[in-house]
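Here is a short briefing for a first look at this structure. Keep the sequence and the model side by side as you read.

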Amino acid sequence: MVNDVIVSILLIGGALMSLAAGIGLARFPDLLSRMHAATKPQVLGLLLFLLALAVEFESWVLVPVLVLCWIFQLLTSPVSAHMVGRAGYRTRHLRRDLLTLDELDDVVARAAEGEPAGPGRAGETRPEAGDTPA
């Protein structure tokens, strides 16, 4: 009886997190904010569903598999969100008026001009092996 109540609460919590992700996807204005809504509540919702499974089946054999599922979700969700955000930025599928700071704008402009990004720009000399710093 107590397990059923706990499982019900966990399942309802997971469903509400999934609902929040779905509402965020439908309501948020641009790609970057939708990406946030698609990853954060979804990972927590999956954790609640996996906890409900662990409580329902009461088996220690199942716990490593559930933990592994959640770890893979934690590893893949940020990477996929990063790739979607990167593709959206490069294809200009974002609303620049909603950005408070565009840290990539200078890097992308330099890359478009053909200059290498970051340290070691054209015209700079790199120290050779064996040179002592001044």
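Leu-68 sits in helix H3, which spans residues 62-90; helices (H or I, at least four residues) and strands (E, at least two) are DSSP runs, numbered from the N terminus. This is a predicted model: local features need pLDDT of at least 70, side-chain atom pairs count only at pLDDT 80 or more, and totals for chains, interfaces and linings use all residues. Residues are numbered from 1 along each chain as its sequence is written, and side-chain values use heavy atoms, without hydrogens and water.

- Leu-68 is partly exposed, at 46% relative accessible area.
- Buried means under 20% relative accessible area, exposed over 50%, and partly exposed in between (1.4 Å probe, protein chains only).
- Of the 134 residues in the chain, 19% are buried.

**Fold**
- The chain has 4 helices and 0 strands.
- Its pattern along the sequence is α-α-α-α.

**Largest pocket**
- Its volume is about 460 Å³, counted as the space filled by probe spheres set on grid points joined across faces, edges and corners.
- A pocket is an open set of points on a 1 Å grid over the protein atoms alone, where a 1.4 Å probe fits, with protein on both sides within 12 Å along at least five of seven lines; lining residues have an atom within 4 Å of a point.
- The lining has 19 residues, with Gly-85, Arg-86, Tyr-89, Asp-102 and Leu-104 nearest the centre.
- H3 gives the largest share of the lining, 6 residues.
- Helix H2 (31-57), H3 and helix H4 (105-113) each supply at least two lining residues.
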